Amino acid sequence: MNSNFVFSNQKKKKNQFLVAVNDFFFSTQLSIGNTDFIVFFRILIGSLVLVHFLSILSDFDKLFASQAIIPADVSSLLVPKHIITFPRIISFLESKGISEYFTTLLFQISYITCSIFIVVGFLTRFSAILLLFLQVSLVKGSSLFAYGVDFFTSMSLFYIILFPSGRFYSVDNLIFKRDQKFIDVKPFLRLLQLHIAIAYFFSGFDKIIGYNWWNGEAIWKAINLPHSNQDFQINFDFLSQMPIIPLLMGWAIIIIELFYPLFMNITKTRKIWLTLTILMHIGIAIIFNLYFFSCIMIIWNLSAFYFRIVTGNTQQKSL
Amino acid sequence: MFCHLFIILTVNIKGSFDGYYGFYFANKKYNPHPLHNICKAFLDYNAINYYVSNTGFDTGYGFFAPNVASDFVLNFTIKDENNQMIESRTLPSFNNKESFVRFTTTFTFFLEKLDKKSNQGLNDYLKIIVKQISLDVKKEYPKAKSVDTKMYLYHFPDLNDYANNQKPKLILIDSYEF
């Protein structure tokens with residue numbers, strides 16, 4: 001009798017756990033996933049991808065073409081053969097009689113067009129798939145010139161493909177007039193939230209295992225790198241007289257990142273933690289001049305944690 | 001979704017190990033932790049490798065971690081046929097600021113020069129990269145006959161040394177003439 005009671009209790013706890021997990025990832029009868037984050041993510045990412053591409057368009061040949069500053073046959077030596085890169089696309093089409101000039105022009109027009117289509121939500125998923133292909137081929141073909149923003153751009157485009165991005169506030173909705181049946185968007189929101197939580201946790205963890213982050217030297221070194229601080233030329237000399245400041249800055253960054261998953265999950269601390277994270281990225285933009293990287297990180301943060309989840313007739317604030 | 005998150009987690013665990021070993025065991029022999037080997041084997045599996053490399057999920061998030069990597073400065077001295085200096089500069093020409101940001105990410109590859117374990121093949125590849133950049137700079141000067149390129153490690157004094165009036169130094173790593 002006792003063992004039956006214990007077994008029944010364990011089974012009850014297991015069921016409660018499974019119900020909790022289910023409620024975490026999927027909408028219940030009473031809650032409807034707010035779709036605003038999907039629209040926000042799609043429009044902002046599409047816009048950022050477009051502006052970022054336009055920002056290097058006049059240097060496109062110098063960075064990415066077959067006779068770039070580091071020619072394709074040099075940069076491709078480290079790229080596995082199964083990866084489709086932009087220079088390999090050029091070579092392939094040249095073998096079919098299509099000139100590099102035409103390929104480049106077509107590539108650029110396709111890139112810009114797909115970005116615009118994503119912003120307005122026209123042929124959204126197809127545009128995102130094509131744009132991801134183009135973007136990855138560009139990044140992999142010139143991997144020496146790639147940095148954080150490129151990887152987050154690829155991931156963002158992947159999520160636009162995965163999410164029902166063309167279903168809300170989109171040209172697709174106007175043209176194709178789909179049935180407005182309920183789509184549970186909560187799993188997509190949870191995916192984005194968990195991904196960004198993992199990203200920040202490991203970012204903080206990787207910093208805390210480096211001793212230069214404990215004593216402020218990492219901050220000091222970073223802000224004095226030769227190619228940092230070029231736009232605003234802020235004079236940081238005073239920090240050498242007050243080493244406590246870079247020390248505190250380093251620990252602040254570690255704490256913001258390491259405890260991101262915890263404090264973003266607590267309603268009372270979410271707003272302040274989101275603000276701190278965004279301020280951190282604004283600081284990165286100002287000091288390291290990594291404007292596009294900071295933008296995409298802010299978009300991810302706002303998409304994941306700014307928007308509200310509607311529960312029945314009562315709005316449950318996500319912030 | 002859970003598979004996808006598991007892949008992201010695996011990439012990051014491996015990335016943390018790589019960062020740790022790269023920083024603390026830079027020129028030493030070590031036995032990687034079994035968890036690192038498991039993550040590496042999983043990510044080397046063809047289908048997983050293809051998936052992460054074509055979606056951007058193969059990136060870790062340890063920016064400036066565990067340590068802020070050193071940076072480099074290239075100095076190009078362009079000379080005419082009489083071996084007279086035409087100009088000295090540190091960067092190629094670009095039309096856009098973002099292009100400069102992209103270009104300077106190349107310098108992280110130069111860290112291989114500081115790695116005692118790096119092989120001759122990698123050093124030769126690095127020389128080719130520096131040569132291509134140098135030739136691009138030289139192209140801007142019709143009267144240029146040659147370009148001397150010096151690769152410097154940019155050493156900035158730590159907090160204490162800077163407070164004691166030590167200045168930043170450029171440490172010559174290698175020099176080339178093209």
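**A tour of charges, helices and rings**

Begin by selecting Lys207(A) and Trp213(A), where the lysine lies over the face of the tryptophan at 5.5 Å from the ring centre; a charge counts as over a ring if NZ of Lys or CZ of Arg is within 6 Å of the ring centre and within 35 degrees of the ring normal. This is a predicted model, in which local features need pLDDT of at least 70, side-chain atom pairs count only at pLDDT 80 or more, and totals for chains, interfaces and linings use all residues. Residues are numbered from 1 along each chain as its sequence is written, chains are lettered from A in the order in which they are written, and side-chain values use heavy atoms, leaving out hydrogens and water.

Then move to helix 2 (residues 36–54) and helix 6 (residues 100–120) of chain A, whose axes come within 7 Å and cross at roughly 155°, the axes being lines fitted to C-alpha atoms over the stretch in contact, with angles running from 0 to 180 degrees between N-to-C directions, and the helices being DSSP runs (H or I, at least four residues) numbered from the N terminus. That crossing makes helix 2 of chain A roughly antiparallel to helix 6 of chain A (over 145 degrees). The contact (heavy atoms within 4.5 Å) involves residues including Gly46(A) and Leu50(A) of helix 2 and Tyr111(A) and Ser115(A) of helix 6.

Phe25(B) and Tyr30(B) have ring centres 5.5 Å apart and planes at 50°, so the pair is tilted (centres within 6.5 Å; planes under 30 degrees apart are stacked, over 60 edge-to-face, the rest tilted).

Terms used:
Rings of Phe, Tyr and Trp (its six-membered ring) pair if their centres lie within 6.5 Å; planes under 30 degrees apart count as stacked, over 60 as edge-to-face and the rest as tilted. Helices (H or I, at least four residues) and strands (E, at least two) are DSSP runs, numbered from the N terminus. Angles under 35 degrees count as roughly parallel, over 145 as roughly antiparallel, 65 to 115 as roughly perpendicular and the rest as oblique.
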